[in-house]
Structure formats: C-alpha cells, structure tokens
Amino acid sequence: MSLQDMDIYNGHLVLSVNKKGFPMLCSVNLPINFNYKHQMEVDDLNPWYFPLPSNLCTVVPGSNHDFMSSVYRVVLSSPVMPDVIVDYDMSRQKYSIVQQEEVKGVSGNRTRLPAYEADTFCLQNEKENVLDFESERWKDFSSAYCCERKEVVSYDGVRIPLTILYAQKSWQKGQSHGVLHGYGAYGEVLEKSWCSNRLSLLDRGWVVAFADVRGGGGGDSLWHKSGSGLYKQNSVYDFVACADYLVNEGYVHRDRVGAIGFSAGCLVVGAAINMYPDLFRAAILKVPFLDVCNTLLDPSLPLTILDYEEFGNPQIHSQFESILSYSPYDNVTCDACYPSMLVTASFNDSRVGVWEAAKWVAKVRDSTCFECSRAVILKANMTGGHFGEGGRYGQCEEMAYDYAFLMKVLGMWNNK
C-alpha cells in the first residue's frame, strides 16, 4: 500500500491510498491514539474504507472545503460507468449518490454499490464496513461493454497491468481493430475514466486498451523509479509486451493494431516503433517528446532541469549513453517500413517544442521506406498550447480527426 494524498477535518482524516494497484479511500476518526510501541499500519487505526463500485474506477475528490463537515464528496468513474458524484458520511459510515452523468442512446443496468471484498484486499473489520446499500444504485454499461484487467508478463518477468475495453456485441475474437494507449512517466496513472467519445470506436468492434507500464503510477514509488532514468527502457519493453498480448490472446488482429501516446508517452510509443517497426500499423503521437537528447542538453528550455530526475542528465556520460540508446529521434531505423503516423503539435506549447514533432516527421520521411513515409502526417495547431485549443467542440473535432485517421489507415470491416 502507498499513500497518495490526505485531507484533514475536525473529526476525521481521509487517506487516499493505492493498494495492489487499485485506488482506495478511507477515513480515520480523530484524534488518534498514539500510545503505540511498534510501527503503526493503516489498519491499526480502524479505518472505514469507502465502498467503491469496482476495482477499475477512478476516484477524484470533489470540493471539500468545510473543515467541520463529516461528509466527503468524490467523483467516481470507470471505463463502463459515467461520472457519479457520491457523498460519504464518515460519522455514520454511509453514502448517498448525488448525481450521475446521463448518457443517451446506450442501454445500461443499475447495480448495487458493493464494498471491497476481504479476500481481494485483505481488509480488517470488513464485516463492519458492509452496510445496507440496497437503496443506493448507480448506472453502468457493463452489459454492453466489457472491461477487463489483465496482468501481462514483461521481458523480465514483471507483471504489467493492462486494461482492455470492448463492446460485447461488436467485438470479434482475432479479427477486431485495436488501439493501445501508453504513457509511463512522472508516476502518473493513465486516465481510464468514462469517455463517451470511445463509444464511436467500441460500437464498431474496436478494442481500446490501456497499458500501465513502469514509469507511470502503480502500487508504490518503485513502479515509477523502475521505469525512469537508467531504467527507462523498461517502459518501452512493457508497452511492447502489452501489444503482443492483445494479438496473441486474440483481442486484436495482428495487422490492425494502433498505438496512441501523449507528450512524454510518445517517447514510449516512438521507441517501441523504432525497435519493432512492424508491430503497429498506425500510431498517433500528440505533442510528442521525441528528441530527448537534444532537449535535455538545452537548459534554457522550461522543463529541462526538472526532467533530469525523470529521464537523466545527458551531461553525465553514463546517463547520456542510456538516453541515446532509446531516444526516438536518434534511433529511427533506416529503410524500414514504419506504420502510418499522425503527429500533432501546438505552436504555443511551452512544455514540448513544436520543432520536436516537425523534426521527427522530417527524419522518418527521409530515412524510412519511401512508400511508408508518405503516410506520416504532421498536423500543427497554430493557436493552441500543450493541451490543445480547448473548448468542448474543439476537443470533439480533434477526437473525430484522430478516429478518422485510425479508421482510414487500419481499414473498417464494420461500417456503422
């Protein structure tokens, strides 16, 4: 178990923890008796673990500014459950559902909100935490969309969490198209909350998967450290292992696999493409961090000094050699057949320079197979920043463009 965050109130302490890779919340009554002669564990404090809908849900604290309040508000979401606002009464150890996002055109089912099971999380006093929640129900779409969590064995035997999402009616084993998301940096967990935009792909039989490779967030800080600095290549090998798993287990057809990376996540995707050019048939690199060596050698850039801790300092010889070994821009395979790529950049991006995407596209077009290089597209936003132009409609247009690219490149067998 690792402690992620905490909130303190007049009579309660709220702990945000990650146990075995799953997010959890619990409250501890204050004041705490510190008359212990041994090291205290969380369970020594008789915590109340907040009941959550599933192990795959995303937990985001709401607006909790009243120090005297005993009610803690959170927003829960999962790949198959739209955002739901829940109030947890820590004094009475009960909860109430305030509101849930409405989704039209999709049939769902209402399910009772269960507490965590003791045999899964080995919680103490679990019977005391199981209350009567029959009156409180939330709506999910697990009857229409299947969300699975697998553990993929990487090259060194480490198990990598892989979340797989698909429509039960449209998916065809061994024949479907699929796209794999990856990030693996700064200890951040991939965003896997509800997104109605994905329904466009899922209803066409696509598989959407999320690889929580090393370097990102995990059960403890070691997960981040084992995918950063001198160990950065672990992130790349983990991503490749997850892509192979989707193909070998029949989730996706071998010739219909795509990859998506954002910012530092593009380092993982780009390095994977360099190592295995035939693994993916399409890739989307959004505001990509690809020219790692040159960027980290320029201390005048805003994030360079801070990124030494994450990727290493190329002014140190041993770290320079490590960075050079995986830096996507420096390892483009000459005359190889690369996948079709959509590379996006923002002119006003203060985090990743617009030139990184432009340099990558130019080098891939110049160095790889002539036929394949024509399918490398550079799409530059001349007004937006690192997170795009913003606005609801702008984001929808950007997502539509991405999906159109994937469908055109990978082909469609179900033209809904």
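Where does Val287 lie? After that, please show me helix H5.

Reply: Happy to! This is a predicted model, so local features need pLDDT of at least 70 and side-chain atom pairs count only at pLDDT 80 or more, while totals for chains, interfaces and linings use all residues. Residues are numbered from 1 along each chain as its sequence is written, and side-chain values use heavy atoms, with hydrogens and water left out.

Val287 lies in the loop between strand S16 and helix H7 (292-296). The phi angle of Val287 is near 35°, a positive value in a residue other than glycine. With 6% relative accessibility, Val287 counts as buried. The cut-offs are these: buried means under 20% relative accessible area, exposed means over 50%, and partly exposed is in between, using a 1.4 Å probe and protein chains only.

You will find Gln93 in the loop between strand S7 (81-89) and strand S8. Its relative accessibility is 26%, which means that Gln93 counts as partly exposed.

Now for the helix. H5 covers residues 233-248, and at 1.5 Å a residue its 16 residues should span 22 Å; the end C-alpha atoms are 22 Å apart, so the two values agree. The expected span is 1.5 Å times one less than the number of residues. An α-helix has 3.6 residues a turn, so residues three or four places apart point the same way.

How many of the 16 residues of H5 are buried? Twelve are, which leaves the helix mostly covered. Among the buried ones are Asn234, Asp238, Phe239, Cys242 and Leu246. What does the covering? Strands S11 (145-153), S12 (159-167), S13 (178-182), S14 (207-211) and S15 (257-262) are included, and so is helix H6 (265-275). Contact here means heavy atoms within 4.5 Å. Just after H5, Gly250 takes a positive phi of about 80°.

A pair of aromatic rings is described by the distance of the centres and the angle of the planes. Rings of Phe, Tyr and Trp (its six-membered ring) pair if their centres lie within 6.5 Å; planes under 30 degrees apart count as stacked, over 60 as edge-to-face and the rest as tilted. By this rule there are 15 aromatic pairs.

One of them is formed by Tyr155 and Tyr237, a tilted pair with 4.8 Å from centre to centre and 50° between the planes. Tyr155 is in the loop between S11 and S12 and Tyr237 is in H5, so this pair ties together parts that are 82 residues apart in sequence. Tyr155 counts as exposed, at 52% relative accessibility, while Tyr237 is partly exposed with a relative accessible area of 28%.

Another pair is formed by Phe239 and Phe280, also tilted, at 5.7 Å centre to centre and 35° between the planes. Phe239 belongs to H5 and Phe280 to the loop between H6 and strand S16 (282-286), so the pair links parts of the chain 41 residues apart. Phe239 is buried at 0% relative accessibility, and Phe280 is buried too, with a relative accessible area of 1%.

Finally, a step back to the whole chain. It contains twelve helices and 18 strands. Of its 416 residues, 50% count as buried. Among contacts with a separation of 6 or more, 65% come from residues 24 or more positions apart.

The peptide bond from Leu30 to Pro31 is cis, with omega near 0°. Pro31 has its place in the loop between strand S3 (22-29) and strand S4 (48-49).

Conventions: Helices (H or I, at least four residues) and strands (E, at least two) are DSSP runs, numbered from the N terminus.
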